[in-house]
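Please take a moment to look over the chain before reading on. The paragraphs below lead through it step by step, beginning with the sheet.

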Amino acid sequence: AEKLKSWQEKWGNTYDRDYKHEIMGDVLERMSIKGEIGQVVLDIGSGKEPVSKLIPEPKKVITIDVGGTLALPGNNLHLQYDFEDLSQKREPISSQATDEIAKFLGREPQEIRQNPWADTIIMADILNYVPYEATLNTSSKLLRPGGRIVIFNKPGRGYSKDLFSENGLKINSELFEEIEINALEIEYRDFPWEMPGEEEFRDETMLILVARKMLVEG
């Protein structure tokens with residue numbers, strides 16, 4: 001309850017919104033042009049201004065955030081959940097969330113429970129606030145083979161460090177290892193804040209990457 005209250009008090013706050021939207025907008029546009037986004041997008045920790053709204057063509061978009069509710073058009077579903085709690089369930093996500101997602105996608109709940117259903121998963125500025133290993137593991141279970149995870153993150157960056165998870169991301173190289181463990185292959189990686197000659201600092205700097213779920217694990 002205390003954590004929920006803290007997030008609700010910060011609902012709508014953001015930092016470097018324009019920069020984040022510019023960087024991610026470019027990546028999502030390129031993916032869209034190449035037909036890589038698919039039909040179902042999951043935006044985890046969306047905030048009040050989801051980057052998923054930058055996707056050029058209309059999709060089925062599901063946003064999840066503990067902070068508050070969103071008024072969205074008909075092709076969107078917003079779930080006010082703590083993804084950290086959802087990812088600790090025996091099933092990939094809780095039964096209540098599964099039922100809501102199934103209804104939104106026009107499918108049976110059992111189908112959603114047993115089969116991955118997301119074509120693209122977005123994580124923008126969240127990996128410091130959640131147990132990143134569990135979050136990535138849960139996300140990979142929801143992602144269809146050939147689907148993609150898009151990550152925008154800088155370790156240690158945030159306006160509410162008191163809400164950082166003890167198991168949040170500390171260095172980028174740990175994320176690269178976890179991506180491989182979850183049968184994901186990095187297709188695109190960039191360090192947009194990096195200056196010439198600063199390659200040695202890549203573990204701590206801003207990162208954006210796109211990773212594709214392998215068609216056959218291993």
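**A walk through the predicted model**

S1 and S4 pair in the parallel sense, over 4 bridges, where two strands count as paired if DSSP finds at least two bridges between them. Helices (H or I, at least four residues) and strands (E, at least two) are DSSP runs, numbered from the N terminus. This is a predicted model, in which local features need pLDDT of at least 70 and side-chain atom pairs count only at pLDDT 80 or more, while totals for chains, interfaces and linings use all residues. Residues are numbered from 1 along each chain as its sequence is written, and side-chain values use heavy atoms, with hydrogens and water left out.

S2 and S3 pair in the parallel sense over 4 bridges, and here Ile64 has Leu79 in S3 as its bridge partner. Strand S1 (residues 40-44) runs parallel to strand S2 (residues 60-64) and is joined to it by 5 bridges, with Val40 partnered by Lys60 of S2. S4 in turn runs parallel to strand S5 (residues 143-153), the two being joined by 6 bridges, and Ala124 stands opposite Phe152 in S5.

How much of these strands is covered? Strand S4 (residues 118-124) is mostly covered, since 7 of its 7 residues are buried, where buried means under 20% relative accessible area, exposed over 50%, and partly exposed in between (1.4 Å probe, protein chains only). In S2, 4 of the 5 residues are buried, so this strand is largely enclosed by the rest of the structure.

Asn115 is found in the loop between helix H5 (109-114) and S4, and with a relative accessible area of 41% Asn115 is partly exposed. The C-alpha atoms of Asn115 and Arg144 are separated by 8.1 Å, although the two residues are 29 residues apart along the chain. In the loop between S4 and helix H6 (132-142) lies Asp125, which is buried, with a relative accessible area of 10%. Asp125 has a phi near 60°, a positive value in a residue other than glycine. Ala183, in the loop between helix H7 (172-181) and S6, likewise has a positive phi, of about 60°, although it is not a glycine, and at 7% relative accessibility Ala183 counts as buried.

An α-helix has 3.6 residues a turn, so residues three or four places apart point the same way. In helix H1 (residues 2-10) the buried residues are Ser6, Trp7 and Lys10. Seen down the axis of H1, these residues fall within an arc of 95°, so they line one face of the helix; the arc is that of the directions from the helix axis to the C-beta atoms. The face of H1 turned away from its buried side carries the exposed residues Lys5 and Glu9. In helix H4 (residues 95-105), the buried residues are Ala97, Thr98, Ile101, Ala102, Phe104 and Leu105. They cover an arc of only 160° around the axis, which puts them on the same side of H4, whereas Gln96 and Lys103 are exposed on the other side. Just after H4, Gly106 takes a positive phi of about 70°.
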